[in-house]
Every structure is written in C-alpha cells, then in structure tokens.
Amino acid sequence: MKILNRYFLRQLIAIFVMLLLILTGLAWMMQIMSMMKFLLKYGIDVGSFLGLTALMLPFIASIIVPFVCFIAVIFVYNKLIGDNEITVMAASGLSPKQIARPALILGTVLTLLNLAMNIWIVPSSQAKFYDTQWNLKYGMAHMKLQESAFTEISEGLVVYVDHVSGHDLAQVMLSDMRDENAPSMIFAEKGKLVSTARGLSLVMTNGSLQASGNTMVTGTFETFDMDLNVVEHGENTSFKVRRVPTDELIRVAFDAETKKQHKTILTEMCNRFLNPLMNLILATLCATILLRTSLLRRRTSFAPMVAVGAMAGVMGVYMSLSNMVTSLTGFGMLAIGLVMFLVGLLATLAKK
C-alpha cells in the first residue's frame, strides 16, 4: 500500500506543481498587464515594477491553490480509471478510501500550507505591496531629479536644480502652472525633498516667489513648503483589509468603525481561515465522485464533468455564504458547516 501511495503522490505532486507554476505565471502576467498604465504614467523602472507585481504572487497563489489541487486530483485519478488501474486495485481488495488516501494526503498538506500562507505570508506581502506602490507613485522612489536640467514632476509642474545631493537640492527654480489662472514661479537657494502623508513635498529656504492671478504678487521667504505629488483625487484610500496582520484582524473584529468595515473584516477572516479547508474538501469531493462512479461498472465518461459541476456548485455556495457573514456567530456556523460537509464526503467515500 505504501508503494501505491508513493506512486499516486508522485503523480499528484508533479501535476500540481506544474499547474501551479503555469496558472500562477498566467495570473502574474495578467497582473502585469493590468498595472502597465502604472508603469507608463509614473515612469518607474522595469525592475521596480516587476518587484512590485511579484509581491502579489503569494496572494494569487493562495486563491488558486484549491482549484489546482482539484485539477491535479481529477487529472490523475481519471487517467488511472481510464487505464483500468483503479479497477485492478479495487479487485485486489483495496477500498475507495484506501485508493483515495493519496488525494486526501495532498489535500491535507495543502490545507495546512495554504493556512500558514494566509495567516502570515499574504498579509505581510500585501502590506509591502501597498507601501511600495504608494512610495513609487508619491514617495522618494518616484522622484528622480537631474542636475542642471528641467524635470517635469507632473503636468504643469516643472523644477530645475543646479546640484543634487541625496534629498538636498541647491539653486532651485520651480514653475507651477497647474492652475492656469494663478501660475507661479519660485526661486530658492536650497531645497529638501520630504515624504509626507500627502505625498512628496519640497521644502525651500531663502528664496523669492512670484505669482500672478487677479493681481501680481511678489515676495521673499525664509522657508516655503510645496506639495510636488498631491495624491490624486479619487485615489483608493479605503480600508486595505488584506494587509492587516492576522492577530490585529481578529482583535479589531469588534472595533470596526462601520458596519460595512465589520463585514469586510469577517469576509477576510473567512478567506484566511476557511478558504484553505477547500483544498481538502475539493480533493475529497473529486475522489469520491470519480471512485464511486468507477465502481458502478457503468459508463464513467461523464464522471469528470459531474465532478467539475459539483466543484463549481460547492465553491459558488461557499463564496456566497462567506460574503453573507455579518457576525462571528455566522463565521462559526459556516466553519461548522464546512467541517460537516467534509465529514459527510469522507463517510460516503468509506462506505462499502
């Protein structure tokens, strides 16, 4: 039996790894394409851009792992059924539960790995993703000033510096034409780039200002602070629940500011704690349908389609219910329901 388990597991793991790499790579490419505007608009170098999109890989993998597990099980077991290997094993006295053991082992291991990924790796990588994205768009990493050259920071905002030393600037000239009705020109002996909550600011010292509008205004200043990259109107500042550490997510479950935010937190808790269980549920569901159908000694060509339909139905119901959870009681009931469904599948698989 150990030999058969190793034989099954080698095939399951090989197919799983291959599919995971392919599907994750495709999803990553789609993420790159969706963020291409970000690359072109903010002038970020390709290395930083790829590093930013790579931070989405753990999140992408955490979503597709249950589906890849299901595909690997259905592919391997359907192939063995088609080659009559399952029939020979059943004729030699092996029960469906024994034959399904490799699939259950794979599902259990992936459940534990997926759970660990959701609890620790995904929140950490998502926090790093949002922080890096903000810095590339509005922080120091976005600003690349060249000496003795005019640099257009944004549309209508141009800066010239004679000397650059890190974040310190010398002999600064800034032209602000963002408001056509009130253009301004600023000259300063020194300047310093500072990252603020509003984005990047330029703090200038010992300079003069000339602004025109309804009246012409001129003057001198000792210190003048100007926003260089004001965060865009409409920028998504909503609660980024995916970046919240798991212990903090649990702690704030009762302290959410709004009912909508509370529901968002509970939905995220379902994603982190219950989604991994779908690895074992889908693997068991697939093995149960394929093995029980193959032992009926009837035509089994529709068994894979039945398994796919059952998987779609189970995932659809689960996703609908997880989005409807509005309290910790509902979260607990959903968890109990999933466990009971899994126990039912295992009982059906073990039935003689």
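Where does N84 lie in this structure? N84 sits in the loop that runs between helix 4 (57-82) and helix 5 (85-91). Please keep in mind as you look around that this is a predicted model.

**Backbone angles**

- As background, most residues other than glycine have a negative phi.
- N84 is not a glycine, and yet its phi is positive, at about 65°.
- N84 counts as partly exposed because its relative accessibility is 46%.
- N206 is another residue other than glycine with a positive phi, in this case near 55°.
- You will find N206 in strand 5 (residues 199-212), and its relative accessibility of 42% makes it partly exposed.

**Cysteines**

- The count of disulfides comes to zero.
- C69 takes part in no disulfide, and its nearest cysteine sulfur belongs to C286, 8.8 Å away.
- C69 is buried, with 0% relative accessibility, and C286 is buried with a relative accessible area of 0%.

**Aromatic rings**

- The structure holds five aromatic pairs.
- One of them joins Y7 and F8 in an edge-to-face arrangement, with 6.0 Å from centre to centre and 75° between the planes.
- F8 also pairs with Y77, again edge-to-face, at 5.3 Å centre to centre and with 65° between the planes.
- Since F8 belongs to helix 1 and Y77 to helix 4, this pair ties together parts that are 69 residues apart in sequence.
- Taken together, ring pairs link Y7, F8 and Y77 into a cluster.

**Charges over rings**

- The charged end of R242 sits over the ring of F59, 4.1 Å from the ring centre.
- Likewise, K240 places its charged end over the ring of Y130, 5.3 Å from the centre of that ring.

**Salt bridges**

- There are five salt bridges in the structure.
- One of these is formed by D131 and R243, whose closest N and O atoms are 2.5 Å apart.
- This pair links distant parts of the chain, 112 residues apart: D131 is in helix 6 (residues 96-138), and R243 is in the loop between strand 6 (216-227) and helix 7 (246-251).
- D131 is partly exposed, with a relative accessible area of 42%, and R243 is partly exposed at 27% relative accessibility.
- Another salt bridge brings together the side chains of D168 and K192, at 3.1 Å from N to O.
- D168 lies in strand 3 (residues 168-176) and K192 in strand 4 (residues 184-196), so this contact ties together parts that are 24 residues apart in sequence.
- D168 is partly exposed, with a relative accessible area of 36%, and K192 is partly exposed at 41% relative accessibility.
- R272 and E268 also form a salt bridge through their side chains, with an N to O distance of 2.9 Å.
- R272 and E268 both belong to helix 8 (residues 259-273), where they are four residues apart, about one turn of the helix.
- Are R272 and E268 buried or exposed? Both R272 and E268 are buried.

**Helix 1 and the nonpolar patch**

- M18, I22, L23, L26 and I71 make up a nonpolar patch on the surface, and together they have about 410 Å² of accessible area.
- Which element gives the largest share of the patch? Helix 1 (residues 2-34) does, with four residues.
- M18 has its place in helix 1 and is partly exposed, at 44% relative accessibility.
- L21 is found in helix 1 as well, and its 61% relative accessibility makes it exposed.
- L21 and V68 are 47 residues apart along the chain, and their C-alpha atoms are separated by 9.9 Å.

Definitions and conventions. Residues are numbered from 1 along each chain as its sequence is written. This is a predicted model: local features need pLDDT of at least 70, side-chain atom pairs count only at pLDDT 80 or more; totals for chains, interfaces and linings use all residues. Side-chain values use heavy atoms; hydrogens and water are left out. Helices (H or I, at least four residues) and strands (E, at least two) are DSSP runs, numbered from the N terminus. Buried means under 20% relative accessible area, exposed over 50%, partly exposed in between (1.4 Å probe, protein chains only). A disulfide is a pair of cysteine sulfur atoms within 2.5 Å. Patches are made of residues with over 30% relative accessible area and no salt bridge: like charges are joined within 9 Å, nonpolar side chains (Val, Leu, Ile, Met, Phe, Trp, Tyr) within 5 Å. Accessible areas come from the Shrake-Rupley method with a 1.4 Å probe; for residues, only the protein chains shown count as cover. A salt bridge is a side-chain nitrogen of Lys or Arg within 4 Å of a carboxyl oxygen of Asp or Glu. Rings of Phe, Tyr and Trp (its six-membered ring) pair if their centres lie within 6.5 Å; planes under 30 degrees apart count as stacked, over 60 as edge-to-face and the rest as tilted. A charge sits over a ring if NZ of Lys or CZ of Arg is within 6 Å of the ring centre and within 35 degrees of the ring normal.
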